[in-house]
Amino acid sequence: MFGISRKMKDTVGGGYLTNPDKQYNNQSDFCFAENYAIAIDGQSVEAHFPCGQTGGNLHCIASMVDKSDIVFINNKGVIKEGDVATCGHTATGSTTVFVS
């Protein structure tokens, strides 16, 4: 079991899981864990180090690509602790709410 990842609470490489992309239209903003919206597949990641450094471009525009295969919100897998983003960093997660 892994801690579920929450937007604007959990991080990937130091950047918060965010949702500025209009294409997702805040699809998970009605599902909460510990008063935070749950992160879902494709979730954007805030720019984080080494963004702005030589070779760090992947960390400026990262999004989540790994996800749960059995827990979904609007047909998108939820993000959990240890899931990987396009930049290679992994997500943090809750210490009290868990998913497989």
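Is arginine 6 buried or exposed? Arginine 6 is buried, at a relative accessible area of 5% (buried: under 20% relative accessible area; exposed: over 50%; partly exposed: in between; 1.4 Å probe, protein chains only). The model is predicted, with local features needing pLDDT of at least 70 and side-chain atom pairs counting only at pLDDT 80 or more, while totals for chains, interfaces and linings use all residues. Residues are numbered from 1 along each chain as its sequence is written, and side-chain values use heavy atoms, without hydrogens and water.

**View 1. Salt-bridge network of Arg6, Asp10 and Glu34.** The closest N and O atoms of arginine 6 and glutamate 34 are 2.0 Å apart (salt bridge: a side-chain nitrogen of Lys or Arg within 4 Å of a carboxyl oxygen of Asp or Glu). Arginine 6 lies in the loop between strand 1 (2-3) and strand 2 (11-12), and glutamate 34 in the loop between strand 4 (32-33) and strand 5 (36-37), so the pair ties together parts 28 residues apart in sequence (strands: DSSP runs of E, at least two residues, numbered from the N terminus). For aspartate 10 and arginine 6 the corresponding distance is 2.7 Å. Aspartate 10 is buried at 4% relative accessibility, whereas glutamate 34 is partly exposed at 34%.

**View 2. Lysine 80 with aspartate 83 and phenylalanine 2.** Lysine 80 forms a salt bridge with aspartate 83, with closest N and O atoms 2.9 Å apart. Lysine 80 also lies over the face of phenylalanine 2, 5.9 Å from the ring centre (criterion: NZ of Lys or CZ of Arg within 6 Å of the ring centre and within 35 degrees of the ring normal). Relative accessibility is 10% for lysine 80, which counts as buried, and 3% for aspartate 83, also buried.

Key:
Helix = DSSP H or I, 4+ residues; strand = E, 2+ residues; numbered from the N terminus.
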